[in-house]
Each structure stands twice: as structure tokens, then as C-alpha cells.
Amino acid sequence: MYSPPPSSTSTRCDSKEKMNNTNGSQLRVYQIWQGRNRFYLGGRLVFGPDIRALFLTLFLILFPVALFCTFVSRELINAFPHRVGYLIMAISLLFSVFIVVLLLLTSGTNPGIVPRNAHPPDADDECDTSSISTSCLGSQTGPVSLPPMKNVTVNGIVVKVKYCKTCMLYRPPRCSHCSICDNCIERFDHHCPWVGQCIGKRNYRYFFMFVSSTNLLSLYVFAFCWVNIKKIMDAHHCNIWSAFFKSPASGILILYTFVVSWFLGGLTAFHLYLIITNQTTYENYRYRYERKMNPFNLGCARNFKEIFCTGVPSSRIDFRAHVKVDRSLSFNTLSYLGGATTNSDMHKTKNFDEEVGRRQDVDECKETDSRIKTIGGGVDRCEK
């Protein structure tokens, strides 16, 4: 009786099939996301594409604090009785840790990314058939196109919302598409280069607290550097220039924190104005609500409460959710996740094709095994 020897092909088929099943079960949304975001800790942290700016910001915050604690605070410890100098240094360190946490929350939080559509919305649903226009119907021979804008009502006021061709959806009110992150962001304020992330509905509170707290830390260091200079002048009976010569770190930090405080103080005051009037930086620059009524303004108290006294809205995208990738649906999946239009998108599309190719290899291996078994059965019948 003929029995074919165990083929290494079937072994390869089994291993490939196990590998495909394992890879398929580990695919999550963040692993195939087509935007320009960077993800860490299994998709729990969502950073922007320019994450290197985050390290520059950390250096600009922590290096002056290190100078203050190393040189200025040491002199204040000797100058103040009852260990008051240690308290001054401890406050600066705790303040710095608080600011770093706010920076990471601002930069690593999903700012309010709006999920993309796999297909454009139905033109029949979006177009008003009672008022036919060329923007809706296009040419007589061409395909039906969607109007670039449509009207929605917000607090009794009509607001125009734009259609996003990249995300294939009508943007919600106050939403805008960030060209750097390549995402539509709810309540888009701006893309901040210092934190490397968009500022939107879900991280604006962290951003404002980060800016205002950094400004307070800068003023704190500025004030105690002057205190140190005054202590040196009193102890050595010298003028201010001699005091700066005896403590150059104090002079450097006074100059640095003076410039930083002007910048951060102005930014804090500007965003306080935006919070009180319920505007975003983008709206203030683009629409100029002082010339017309702001439909989102609820009054000073309610505007302030909306930012600081409400919970952070839940994300509209679960980046840790599992996704199934099929060859027939891979393009639609990519379209939903961002549209394969860039080089990185094409690279990820290639990864999908390789994944599908491995599945085809498994099918071919199974077909080869069935043919071997058929041949083996025929030989067995001949021997009988």
C-alpha cells in the first residue's frame, strides 16, 4: 500500500496558518491607522507626527529648573533660616513634575479625532431636491457631486459646515481638518508645534493648564532669583552688577524667565479671553466673532464651566479595538482609517497584500496536500 511520506509542505502550511491567525488576532486600529499620528503603549497614547518637539519643550522647562535647584536654591538654603530654602527648592521641583504631567497629557491625548467614512455620504440625502443647483447635480453627464457646504442650526443660529474630501464627511460644527496630523479634529483650536499635537476638544483643558502653570513656574524662578541677588548684595555690601558676577546663574535665569514670562503670559491672557467668549484660536483668526454673533457663546460663567467643570469627552475612535482585514475589504478599511494616499499608506497597503498573500499560500498548500492524497489513493487501488 502506497502512503506518501509526510511532506514538509503541510508543516509549512500549518505554521503559516498559525502565524496568520496570530497576526490577525493582534491587529488593532492603531496598527493600521492611516493618519500621521504616532502611538505608544498599545494605542493608549496618541501623539502627533512631530513628537521630537516634545523633547525640546521638556529641555526648555527642565534645564532652567535644574540650574535653579543646583545653584540658586543652594545659596537660598544658606541665606534663609529654618530650612526655608529647602522648601523653595521642593516647590519648584513639584511644580516641574506637575507641568511635565500636563505636557504629556496634552501631547499624548487624542485631541478629538473624527472617524472617517469608508464612502462619501449619499448625495440624495445631502442635497436639497427642492432647490436644485449645479453644485449638487454637477454636469448633466458627470456624476452627482456633494455640495461643498450645508447649513446646520446651533443654538437657533444657522452655521455653515464644510465637506471634507479627505475624510468624506461633513465636518461637525467647530471641526477642522489639520493638514499636519491629517485628521478632522473636533473643536479644533490649533496645531501646537511646542507639544507636537493638535489642540482640540479633548486636550484643550490640559493645554491651557500647561501654559498657565509653566508661566507661574517661570515667574516663581524669576522672583526668587531676584531674592537671591538681593541677599548677595546685603551680605557682601556690593552693587547689583557685582551680585550678578557672584551668582551668574541667577542673572541667566532672570533674563531667560523674563522673556519666557512675557510670551507665556500673553498666551495665557489670550486663551483666557477665548475661554470667556467661547472661541477657539482658529475661529478668532478666521471668523472674527466680534463683527457678528457667536452661536457658541453661552455667557462668561457657562463658558468657563464648559472648559474646566465638565468631564473629558469620550473618544470617538477606539484605537485598541481589533479589526479584521480581508482582501476584498482592505481598501475600504484603509479608506475608513484614513485613505491610502501617502507613501506610508502605500507601505501599509503592501503589508496587507503580503498578509493576504500568505493566506493564499496556505490555500495552495492545502490544495497540494489534497492532490497528493488523491494520487496516493489511486496507487493503492492499482496495487489491489
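# Reading the terms off the model

Author: Start with a hairpin. Strands β3 and β4 form one, with 2 residues between them. Asn 155 sits in the turn and has a positive phi of about 50°. Bear in mind that this is a predicted model.

Reader: How do you know that β3 and β4 are paired, and which way do they run?

Author: Count the bridges. β3 and β4 are joined by 6 bridges, so they count as a pair. They run antiparallel.

Reader: How many bridges join β4 to β5?

Author: There are 2 bridges between β4 (residues 157–164) and β5. The rule asks for at least two, so β4 and β5 pair as well. These strands are also antiparallel. Tyr 163 has Tyr 170 in β5 as its bridge partner. β4 and β5 make a hairpin with 4 residues between the strands, where Met 168 takes a positive phi near 55°.

Reader: What makes a strand an edge strand here, and which strands are the edges?

Author: The open sheet has 3 strands in the order β3-β4-β5, with antiparallel pairing. The edges are β3 (149–154) and β5 (169–170), since each pairs on one side only. As for what holds such a sheet, strands pair through backbone hydrogen bonds.

Reader: How many residues does the largest nonpolar core have?

Author: That core has 42 residues. Those with the most contacts inside it are Phe 68, Val 72, Phe 210 and Cys 225. Helices α2, α3 (84–108), α6, α7 (240–246) and α8 (248–277) each give two or more residues to this core. Helix α6 gives the most, with 11 residues. Apart from this core lies another, of 16 residues, including Leu 27 and Cys 198.

Reader: Which residues does Val 72 touch?

Author: Among them are Phe 224, Cys 225, Ala 249 and Leu 253. That list does not count residues up to four places away in sequence.

Reader: How do you know that Glu 283 and Arg 174 meet in a salt bridge?

Author: The rule wants nitrogen and oxygen within 4 Å. Here the N to O distance is 2.8 Å, so the pair counts. Glu 283 lies in helix α9 (residues 281–286), and Arg 174 in the loop between β5 and β6 (176–178). They are 109 residues apart. Glu 283 has 3% relative accessibility and counts as buried. Arg 174, with 15%, also counts as buried.

Reader: How many salt bridges are there by this rule?

Author: The count comes to 4. One of them joins Arg 316 and Glu 186 at 3.4 Å, N to O. That value is within 4 Å, so it passes the test. Arg 316 is partly exposed at 44%, whereas Glu 186 counts as buried at 14%.

Reader: How far apart in helix α6 are Asp 234 and Lys 230?

Author: They are 4 residues apart, which means about one helical turn between them. Their side chains meet in a salt bridge of 2.9 Å, N to O. Asp 234, with 44% relative accessibility, counts as partly exposed. Lys 230 is partly exposed at 45%.

How values were computed
Residues are numbered from 1 along each chain as its sequence is written. This is a predicted model: local features need pLDDT of at least 70, side-chain atom pairs count only at pLDDT 80 or more; totals for chains, interfaces and linings use all residues. Side-chain values use heavy atoms; hydrogens and water are left out. A nonpolar core is a set of buried Ala, Val, Leu, Ile, Met, Phe, Trp, Tyr and Cys residues joined through side-chain atoms within 4.5 Å. Buried means under 20% relative accessible area, exposed over 50%, partly exposed in between (1.4 Å probe, protein chains only). Contact means heavy atoms within 4.5 Å.
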